[in-house]
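Here is a short briefing on one protein chain. Please look over the fold and its charged side chains before reading on.

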Amino acid sequence: GFDATSFLTSNYDREIPQPSLTPEEAREKVSMRINITEEPRLCFIPTPSFQEIFCYEFKGEYKGDKFFIYINAETGGEEKILKVIERENGVLMM
């Protein structure tokens with residue numbers, strides 16, 4: 001089977017706003033202990049109530065673990081941190 005719920009609820013034309021923060025200003029909100037491994041990019045992250053938050057996505061490492069850090073592109077608040085767990089059967093974002 002195939003569950004297309006996520007695709008159907010998030011696949012629509014969006015009006016993408018101009019971020020209030022520059023990538024450098026957003027980087028200042030990320031802990032200095034995180035080693036950022038890629039340039040940040042803009043994205044939308046979902047909320048449990050089917051809304052979206054406009055964010056900068058940072059990929060980084062800390063003590064050998066990989067993380068995704070999401071900083072709100074409008075307010076500068078930290079929205080979410082996901083730890084990447086890689087196993088032979090796949091990748092888990094926690």
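Is Glu79 buried, partly exposed or exposed? Glu79 counts as partly exposed, because its relative accessibility is 32%; the class lies between buried (under 20% relative accessible area) and exposed (over 50%), with a 1.4 Å probe and protein chains only.

This is a predicted model: local features need pLDDT of at least 70, side-chain atom pairs count only at pLDDT 80 or more, and totals for chains, interfaces and linings use all residues. Residues are numbered from 1 along each chain as its sequence is written, and side-chain values use heavy atoms, with hydrogens and water left out.

**Fold and overall numbers**

- The chain holds two helices and six strands. Both are DSSP runs numbered from the N terminus: helices are H or I with at least four residues, strands are E with at least two.
- Read from the N terminus, the order is α-α-β-β-β-β-β-β.
- Along the principal axes, the C-alpha atoms fill a box of roughly 40 × 40 × 20 Å.
- Of the 94 residues, 27% count as buried.
- Among contacts (heavy atoms within 4.5 Å) with a separation of 6 or more, 36% come from residues 24 or more positions apart.
- The accessible surface is about 7,100 Å², and carbon and sulfur atoms own 50% of it. Areas come from the Shrake-Rupley method with a 1.4 Å probe; for residues, only the protein chains shown count as cover.

**Glu79 and its surroundings**

- Glu79 sits in strand β5.
- Beyond its neighbours within four places in sequence, Glu79 touches Ile45, Ile53, Cys55, Tyr70 and Asn72.
- Phe58 is 21 residues from Glu79 in sequence, and their C-alpha atoms are 12 Å apart.

**Charges and a negative patch**

- The chain carries 11 positive and 17 negative charges, with mean positions 8 Å apart. Lys and Arg count as positive, Asp and Glu as negative; His and the chain ends are not counted. Each charge is placed at NZ of Lys, CZ of Arg, CG of Asp or CD of Glu.
- Glu24, Glu25, Glu28 and Glu39 form a negative surface patch. Patch residues have over 30% relative accessible area and no salt bridge; like charges are joined within 9 Å, and nonpolar side chains (Val, Leu, Ile, Met, Phe, Trp, Tyr) within 5 Å.
- Glu25 belongs to helix α2 (residues 23–27). Its relative accessibility of 35% makes Glu25 partly exposed.

**Salt bridges**

- The whole structure has five salt bridges. Each is a side-chain nitrogen of Lys or Arg within 4 Å of a carboxyl oxygen of Asp or Glu.
- Glu38 pairs with Lys59, with closest N and O atoms 3.6 Å apart. The pair links distant parts of the chain, 21 residues apart: Glu38 is in the loop between β1 (35–36) and β2 (41–46), Lys59 in strand β3 (residues 52–62). Glu38 is partly exposed at 42%, and Lys59 is partly exposed at 22%.
- Glu57 bridges to Arg41, with closest N and O atoms 2.7 Å apart. Here strand β3 supplies Glu57 and strand β2 supplies Arg41, 16 residues apart. Glu57 counts as buried because its relative accessibility is 6%.
- Glu86 forms a bridge with Lys66, with closest N and O atoms 3.3 Å apart. Glu86 lies in strand β5 (residues 78–87) and Lys66 in strand β4 (residues 65–72), so the pair ties together parts 20 residues apart in sequence. Glu86 is partly exposed at 48%, and Lys66 is partly exposed at 38%.
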